[in-house]
Amino acid sequence: MKVKVISILEDNYMYLVIDEQSRGAIAIDPAVPQRLLEIVTREGVTLTAVLTTHHHWDHARGNEALLKELPDLRVYGGDDRIAGLTNKVTNGQELKFNSVNVRCLFTPCHTSGHMCYFMWEDDCTDSPAVFTGDTLFVGGCGRFFEGTAEQMYHNLIEVLGTLPHDTKIFCGHEYTIKNLKFALLVEPENKRVKEMLSWARARDDDDKPTVPSTLLEEFEYNPFLRLSEEGVQRFTGKKDPIEVLQVLRKEKDNFKKPKERVLPHAMLALEWGLLRP
Ligand SMILES: [Zn+2]
């Protein structure tokens with residue numbers, strides 16, 4: 001199976017998975033439907049299904065327009081709020097599209113109906129893939145809009161973290177540089193974070209995506225998967241992995257421009273005051 005990575009909107013990704021034998025295709029989070037249909041036509045494939053990770057507009061807003069064009073299309077997802085949903089799926093449910101298999105992994109927290117999709121092909125030695133929406137990013141994780149740190153711990157460590165280590169990670173946004181800057185603040189000594197950050201910057205210069213990574217790589221530099229590491233525990237001042245995750249996410253929510261945090265405005269004003277004759 002071939003995965004086409006398509007950059008859309010400001011920093012979103014939609015994906016087209018092509019089964020090369022049957023020429024059938026599955027789209028993941030096709031939020032810009034016209035663009036997707038152009039690619040479907042150009043590739044000479046038949047779009048049979050849409051997998052939606054969650055109901056947010058930048059992931060689901062293309063579904064209804066696609067259904068208008070292709071009335072037989074099936075739109076899968078785990079949340080009734082998903083636009084154009086035709087087939088609601090539950091945790092562990094398996095779908096089959098010719099030789100492509102999908103296992104639905106319920107990962108509530110970013111939204112209460114978030115679903116990730118683990119995918120592999122019959123009789124194929126390629127690594128499997130997982131489409132993680134806004135749950136796991138390259139170097140980071142999604143915001144806890146409708147869930148708790150306990151849920152995200154379960155999603156990251158017990159669900160996604162137990163997939164085969166060579167699984168390719170295809171996430172919902174290109175947030176890699178921002179995520180790795182935060183990862184460097186958490187673990188300044190982690191060589192893999194530094195290497196990955198300079199690689200991601202070079203990719204950005206060339207306008208190339210940083211997806212996919214692999215689960216094994218994420219374990220090396222993504223602080224949200226490194227909750228038991230000493231450096232991550234030290235940064236958060238916690239030992240319990242769920243508490244570590246809670247603090248990490250809170251710090252990340254407040255992480256904008258680290259330099260301003262070193263010298264807050266009040267301190268600057270004070271310094272200027274002292275410098276004045
Ligand atoms: Zn979202």
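**Reading the features one by one**

Tutor: Let's start with the rings: Tyr 13, Tyr 15, Phe 131 and Phe 170 are linked into a cluster by ring pairs. Keep in mind that this is a predicted model.

Student: How many aromatic pairs does a search of the whole structure find?

Tutor: The search turns up 10 aromatic pairs. Take Tyr 13 and Tyr 15: their ring centres are 6.1 Å apart and their planes meet at 35°, so this pair is tilted. Planes under 30 degrees apart would count as stacked, and over 60 as edge-to-face.

Student: Are Tyr 13 and Tyr 15 buried or exposed?

Tutor: Both Tyr 13 and Tyr 15 are buried.

Student: Which residue lies over the face of Tyr 175?

Tutor: That's Lys 178, at 5.7 Å from the ring centre of Tyr 175. For a charge to sit over a ring, NZ of Lys has to be within 6 Å of the ring centre and within 35 degrees of the ring normal.

Student: Now a helix. Which residues of α1 are buried?

Tutor: Helix α1 covers residues 33–43, and its buried residues are Pro 33, Leu 36, Leu 37, Ile 39, Val 40 and Glu 43. They span an arc of only 160° around the axis, which puts them on the same side of α1. Over on the other side of α1, you'll find Glu 38, Thr 41 and Arg 42 exposed.

Student: What do the buried residues of α1 pack against?

Tutor: They pack against the strands β1 (2–8), β2 (12–19), β3 (24–28) and β4 (46–51), and against helix α3 (63–69) as well.

Student: Can we zoom in on a couple of those buried residues?

Tutor: Val 40 has a relative accessible area of 8%, so it is buried. Leaving aside neighbours within four places in sequence, Val 40 is in contact with Leu 16, Val 45 and Leu 47. Between the C-alpha atoms of Val 40 and Ile 26 there are 9.9 Å, and the two residues are 14 residues apart along the chain.

Student: And why does Glu 43 count as buried?

Tutor: Because its relative accessibility is 17%, and buried means under 20%. Not counting residues up to four places away in sequence, Glu 43 touches Lys 2, Lys 4, Ile 18 and Arg 23.

Student: There's a zinc ion too. Which protein atoms are its donors?

Tutor: The donors are His 54 (NE2), His 56 (ND1), His 110 (NE2) and Asp 134 (OD), and they lie 2.2 to 2.3 Å from the zinc ion. Along the chain, the donors follow the spacing H-x1-H-x53-H-x23-D. His 56 is in the loop between β4 and α2 (57–60), while Asp 134 is in the loop between β10 (129–133) and β11 (136–137), so this pair ties together parts that are 78 residues apart in sequence.

Student: Why is the arrangement around the zinc ion irregular?

Tutor: Look at the angles: the four donor atoms subtend 91 to 176° around the zinc ion, which makes the arrangement irregular. To count as tetrahedral, four donors need all angles between 85 and 135 degrees. As for Asp 134, its relative accessible area is 4%, so it is buried.

Student: What should I look for in the backbone?

Tutor: Here's the general idea: most residues other than glycine have a negative phi, and most peptide bonds are trans. Now the cases here. Asn 98 has a positive phi, near 55°, and sits in the loop between β7 (94–97) and β8 (100–106). With a relative accessible area of 53%, Asn 98 is exposed.

Student: What is the phi of Asp 123, and where is that residue found?

Tutor: Asp 123 isn't a glycine, yet its phi is positive, about 50°. You'll find Asp 123 in the loop between β9 (115–121) and β10, and at 84% relative accessibility it counts as exposed.

Student: Which residues does a cis peptide bond join?

Tutor: Val 211 and Pro 212, with omega about -5°. Pro 212 lies in the loop between α6 (191–205) and β14 (213–214).

Definitions and conventions:
Residues are numbered from 1 along each chain as its sequence is written. This is a predicted model: local features need pLDDT of at least 70, side-chain atom pairs count only at pLDDT 80 or more; totals for chains, interfaces and linings use all residues. Side-chain values use heavy atoms; hydrogens and water are left out. Buried means under 20% relative accessible area, exposed over 50%, partly exposed in between (1.4 Å probe, protein chains only). Helices (H or I, at least four residues) and strands (E, at least two) are DSSP runs, numbered from the N terminus. The arc is that of the directions from the helix axis to the C-beta atoms. Contact means heavy atoms within 4.5 Å. Rings of Phe, Tyr and Trp (its six-membered ring) pair if their centres lie within 6.5 Å; planes under 30 degrees apart count as stacked, over 60 as edge-to-face and the rest as tilted. Donors are N, O and S atoms within 2.8 Å of the metal (3.2 Å for Na, K and Ca); water is not among the atoms, so sites may look incomplete. Four donors count as tetrahedral if all angles lie between 85 and 135 degrees; four count as square planar and six as octahedral if opposite donors are over 155 degrees apart and all others between 65 and 115; anything else is irregular.
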